[in-house]
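Let's take a walk through this one together, question by question. Have a look at it first, then read on.

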Amino acid sequence: MESSLLISNGMVLMVDVTRDFSEQASQLDRIDGVLLTHGHRDAIGGLPQLYRWWRQHGDQEPIDVFLGAGTAEVIRARYRRLEHCRLQVVPASRELRLGAFTVSAISVPHARESRFETYAWRISSDGRSVVYASDVAYLTPELERFCAGAAVLILDGAMWRRRLFSHLTIEAALPQVCPWPVGSIVLTQIGRSAPPHARLQREVAGLCPKARAAYDGFAVTL
């Protein structure tokens, strides 16, 4: 399925609402907030499904959706029914306090069009942080500094032995990112060029011992 993250510590935050949302959220009865990385359909295409979920599970208060200005423009142009979403535009590098979480974002290279500005999100609680950078064209010093000290870096792993201008290639990126000061690395956004999971896991571990490939339902306890 398309890549998304659910993180919980007193409140429940979701990063990206994919076109697989209905299946991904089939046993979910609570969402306190949503963080969106960018305006491509794999990140926001489940907003109509989120509306149906909200009607069934919500108390009719809109869900706070935190996003960049370009992503907000894309959403308003694409979707008419948004009463379930309270869009909150967050400038890059601004820090937010959401319940037990501290949240911030930086812009990372991904799409060529400015309206698809893409965020990596850092979500911190109880002294531990997760960075979610699911769509990255190439690694930057700014992203490395943003990730410093994170317990987990969840990183674009879309391509295997192939190149695409908008995404990382696993075997090229992992040797570069492995020395970064993060506890572990989880590859997400696994594309069709990847081998079967067991083989991919072996290959990834060979490139970077602290890295692993995610899969549908993958969970980490911090």
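## Cysteines, a sheet and a helix

Cys 85 has a relative accessible area of 10%, so it is buried. Keep in mind that this is a predicted model.

Q: How many disulfides does a search of the whole structure find, and which cysteines form a disulfide?
A: The search of the whole structure comes up with 1 disulfide. Two sulfur atoms count as a disulfide when they are within 2.5 Å. Here the sulfur atoms sit 2.2 Å apart, and the pair is Cys 178 and Cys 208.

Q: Where in the chain do Cys 178 and Cys 208 lie, and how many residues apart are they?
A: Cys 178 is in the loop between helix H6 (170–177) and strand S11 (184–188). Cys 208 is in the loop between helix H7 (197–207) and strand S12 (211–213). The pair links distant parts of the chain, and the two are 30 residues apart.

Q: Is Cys 178 buried or exposed?
A: Buried means under 20% relative accessible area. Cys 178 comes in at 19%, so it counts as buried.

Q: Why is Cys 147 too far for a bond with the closest cysteine sulfur?
A: A disulfide needs sulfur atoms within 2.5 Å. For Cys 147 the closest cysteine sulfur belongs to Cys 208, and that is too far for a bond because the distance is 13 Å.

Q: Which strands stand at the edges of the open sheet?
A: The sheet has 5 strands in the order S1-S2-S3-S4-S5, with mixed pairing. The edge strands each have a single partner strand, so one side of each is left without a neighbour in the sheet; they are S1 (5–9) and S5 (85–89).

Q: What is the bridge partner of Gly 33 in S4?
A: Strand S3 (residues 33–35) and strand S4 (residues 63–67) run parallel and are joined by 3 bridges. In S4, Gly 33 is partnered with Asp 64.

Q: What angle does the direction of H4 make with that of S5?
A: H4 packs on the sheet and touches both S4 and S5. Its direction makes an angle with that of S5 of about 150°.

Q: How many residues apart in sequence are Val 74 and Phe 116, and how far apart in space?
A: Val 74 is part of helix H4 (residues 69–78) and is buried, with a relative accessible area of 5%. Leaving out residues up to four places away in sequence, Val 74 touches Gly 39, Ile 44, Arg 115 and Phe 116. Val 74 and Phe 116 are 42 residues apart in sequence, and C-alpha to C-alpha they are 8.0 Å apart.

Key:
Residues are numbered from 1 along each chain as its sequence is written. This is a predicted model: local features need pLDDT of at least 70, side-chain atom pairs count only at pLDDT 80 or more; totals for chains, interfaces and linings use all residues. Side-chain values use heavy atoms; hydrogens and water are left out. Helices (H or I, at least four residues) and strands (E, at least two) are DSSP runs, numbered from the N terminus. Buried means under 20% relative accessible area, exposed over 50%, partly exposed in between (1.4 Å probe, protein chains only). Contact means heavy atoms within 4.5 Å. Two strands pair if DSSP finds at least two bridges between them. Axes are lines fitted to C-alpha atoms, for helices over the stretch in contact, and angles run from 0 to 180 degrees between N-to-C directions.
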